[in-house]
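Grab your viewer and work through them in order.

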Amino acid sequence: MAFMNQDRKKELAPAIKAVLKKYGVKGTVAVKHHSTLVVNIKEGDLDLLSIYDEDRTYAQVNPYWVVRNTEDDYPVISAFYAELIAAMKGPNWFDKSDSMTDYFHVAWYLNINVGDFQRPYIYRGAAQAA
C-alpha cells in the first residue's frame, strides 16, 4: 500500500529543491492523503506548458508520459522532468504492481502540478536551449 508522510517528504525535499533550483523553477513540496508526494510548480524559466497542443494556464503532469513523449521536441523540459521524477522517487521508491493480476503496490504516488486553476503558471521568459 502506498504510503507517504512528512518525514519521508523531508528526506526527499532537498534533492527536489536542488532540481527546481538548477532549472530556475519555483515550487513547493507537499503530501496528499498520506499516499502521494506532490510538487506544485508556480513559476520558472522553462515554458512547461508549451508541450501541450492547446493553450493552457495550468497542467497536471503525467509522470509516466512526460519524459518519453517530450525528449525529441523539448529536450530541456524532458531532462527537467526526468531529474524531478528521479528526485521525487529517491532511493527507496519501488513499484511491484502487476496489472495482469490487478495487483497494485508502489511505495508512494507522484503528482506534479504546473500552476493551478486559480493561480496560473508564470513563465518568466528566459531563453531555453533546444
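**Exercise 1.** Find how many aromatic pairs the whole structure holds, then describe the one formed by Tyr23 and Phe80.

*Solution.* Start with the search: it turns up four aromatic pairs, where a pair means Phe, Tyr or Trp rings (the six-membered one for Trp) with centres within 6.5 Å; planes under 30 degrees apart are stacked, over 60 edge-to-face, the rest tilted. Next, the geometry: Tyr23 and Phe80 sit 5.3 Å centre to centre with 70° between the planes, so they are edge-to-face. Now the location: Tyr23 is in the loop between helix H1 (6-22) and strand S1 (25-32), while Phe80 is in helix H3 (residues 75-89), 57 residues apart. Helices (H or I, at least four residues) and strands (E, at least two) are DSSP runs, numbered from the N terminus. Finally, ring pairs join Tyr23, Phe80 and Tyr81 into a cluster.

A word on the ground rules: this is a predicted model, with local features needing pLDDT of at least 70 and side-chain atom pairs pLDDT 80 or more, while totals for chains, interfaces and linings use all residues. Residues count from 1 along each chain as its sequence is written, and side-chain values use heavy atoms, leaving out hydrogens and water.

**Exercise 2.** Work out whether Tyr23, Phe80, Tyr58 and Phe117 are buried, partly exposed or exposed.

*Solution.* Set the cut-offs: buried is under 20% relative accessible area, exposed over 50%, partly exposed in between (1.4 Å probe, protein chains only). Tyr23 and Phe80 are both buried. Tyr58 is partly exposed because its relative accessibility is 34%, and Phe117 counts as exposed because it reaches 67%.
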